[in-house]
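Hello,

Here is the structure you asked to look over. My notes follow below it.

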Amino acid sequence: MGRTYIVEETVGQYLSNINLQGKAFVSGLLIGQLVFAVEKSVNKKRLWNFTEEEVSERVILHFCSSTKKIFCRTYDIHDPKSSAKPADWKYQNGLSASWLSLECTVYINIHVPLSTTSVSYTLEKNTKNGLARWAKQIENGIYLINGQVKDEDCDLLEGQKKSSRGNTQAANHSFDIRVLTQLLLNSDHRSTAMVQICSGSVNLKGAVKCRAYIHSNKPKVKDAVQAMKRDILNTVADRCEILFEDLLLNEIPEKKDSEKEFHILPHRVFVPIPGSTVMLCDYKFGDESAEELRDHFLEMLDRMIQIEDLEIAEEINTACISSSMDTEASLDNTDDEQPKQPIKTTIVLKIQQNIGVIAAFAVAALAAGISFHYFSD
């Protein structure tokens, strides 16, 4: 027998209560090349890579609604020629009740110049290339856990109170994570500017609310940092993808030459999973109602949720400041300043459609309600 997967008891209750009488046949079996095709498609959208130490197997569950029997198999996604391996599927009550919560707010100001040499690329592809440069900053950043820098191999729960049984009291424990990104290169590296002929640019700006969870069984600092990094990268990439799909579906008319388009990226919404401290994430646009959000979660969870349980992580703030200036060239520089005093705002996507060439994108720093502008030719 292969691996053993311990699953939350509520999942078993859900599977046992599935009733497909009078409905079309539904199979939960994904086999062979379909598994690898799905993984390949997901990998294209990721801004991060798996480490060599991580498990490369994916679980395939076959559930028979009539007999209630479950067959668990695993595939090694690193080996397309691998065959299915049997695995154990067991339940445990309250498994995720003691998971540790990691919360973080990251203020971003990402500038993505749209080079004239890449006009054949879609807006989504151009933006992803720009996000890849920003992702390196997130990967190389310094992460403060409850205001402290800790060695990555240290125990995350070191110094926490222990119960009478000697176990750390980790239930409902939340850690505050802060990210410090490197704004300037080290003195031993040369900093050069690349001149590009651009037809436009994309600015991503605002506050990103991030949340991740890790198991409380002897977690390391590096586990918490890795989980936080991936949530930061995932949520920004996902929101861009959702917005671009919405623009294509709705076919929003283009602005006139030299005009700017402002679009608010979808907000993050959380709902609690019954019997667990873990919350599930979805996204909403500003014009979506609470009833529509409830229907979204009904499709995902196959169960009704209460509207009052919806937690919208961000608020709209129309005071978001951005600026640009048309000149003759564009300097590609990704070392954007962080706001000196953060404001509550959603990420705003600014799409500048200019006929000519543009130069030296503007970096807007918010401080005491005053906007300082610096332009370099």
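**Salt bridges**

R268 counts as buried, because its relative accessibility is 4%. Buried here means under 20% relative accessible area, exposed means over 50%, and partly exposed is in between (1.4 Å probe, protein chains only). Before going on, note that this is a predicted model: local features need pLDDT of at least 70, side-chain atom pairs count only at pLDDT 80 or more, and totals for chains, interfaces and linings use all residues. Residues are numbered from 1 along each chain as its sequence is written, and side-chain values use heavy atoms, with hydrogens and water left out.

R268 meets D231 in a salt bridge, 2.7 Å from N to O. R268 sits in strand β12 (residues 267-272) and D231 in helix α4, so the pair ties together parts that are 37 residues apart in sequence. D231 is buried too, with a relative accessible area of 11%. For the terms: a salt bridge is a side-chain nitrogen of Lys or Arg within 4 Å of a carboxyl oxygen of Asp or Glu. Helices (H or I, at least four residues) and strands (E, at least two) are DSSP runs, numbered from the N terminus.

The whole structure holds 11 salt bridges. R58 and E39 make one of them, with the closest N and O atoms 3.4 Å apart. That pair links distant parts of the chain: R58 is in strand β2 and E39 in helix α2, 19 residues apart. Both R58 and E39 are buried.

R211 and E103 also form a salt bridge, at 3.8 Å from N to O. R211 belongs to strand β10 and E103 to strand β6, so this pair ties together parts that are 108 residues apart in sequence. What sets the two ends apart in burial? R211 counts as buried at 13% relative accessibility. E103 is partly exposed, with a relative accessible area of 34%. Shared partners also matter: salt bridges join E39, R46 and R58 into one network.

**Strands**

Strands of a sheet pair through backbone hydrogen bonds, either parallel or antiparallel. Two strands count as paired here if DSSP finds at least two bridges between them.

Start with β8 (residues 174-180), where side chains alternate. F175, I177 and V179 point to one face and are buried. Strand β6 (residues 100-115) runs parallel to β8, and four bridges join them. L102 has F175 in β8 as its bridge partner. Strand β7 (residues 142-145) pairs with β8 in the antiparallel sense, over four bridges. There, I145 stands opposite I177.

Elsewhere, an open sheet of three strands has the order β2-β3-β4, with antiparallel pairing. Its edge strands are β2 (57-63) and β4 (85-86), and each pairs on one side only. Seven bridges hold the antiparallel pairing of β2 with strand β3 (residues 70-76). The bridge partner of I60 is R73 in β3.

**Nonpolar core and surface**

In soluble globular proteins, nonpolar side chains tend to be buried together. A nonpolar core is a set of buried Ala, Val, Leu, Ile, Met, Phe, Trp, Tyr and Cys residues joined through side-chain atoms within 4.5 Å. The largest one has 42 residues, of which L102, W134, L204 and I232 touch the most other members. At least two residues of this core come from each of β6, α3 (123-139), β7, β8, β10 (198-214) and α4 (221-250). The largest share, 13 residues, comes from α4.

On the surface, L34, V38 and V42 form a nonpolar patch with about 220 Å² of accessible area together. Patches are made of residues with over 30% relative accessible area and no salt bridge: like charges are joined within 9 Å, nonpolar side chains (Val, Leu, Ile, Met, Phe, Trp, Tyr) within 5 Å. Accessible areas come from the Shrake-Rupley method with a 1.4 Å probe; for residues, only the protein chains shown count as cover. V42 lies in helix α2 (residues 33-45). V42 counts as partly exposed, because its relative accessibility is 35%.

**Cysteines**

How many disulfides does a search of the whole structure find? It finds zero, a disulfide being a pair of cysteine sulfur atoms within 2.5 Å. For C281, the nearest cysteine sulfur is that of C210, 9.7 Å away. C281 is partly exposed, with a relative accessible area of 22%. C72 counts as buried, at 4% relative accessibility.

Best wishes
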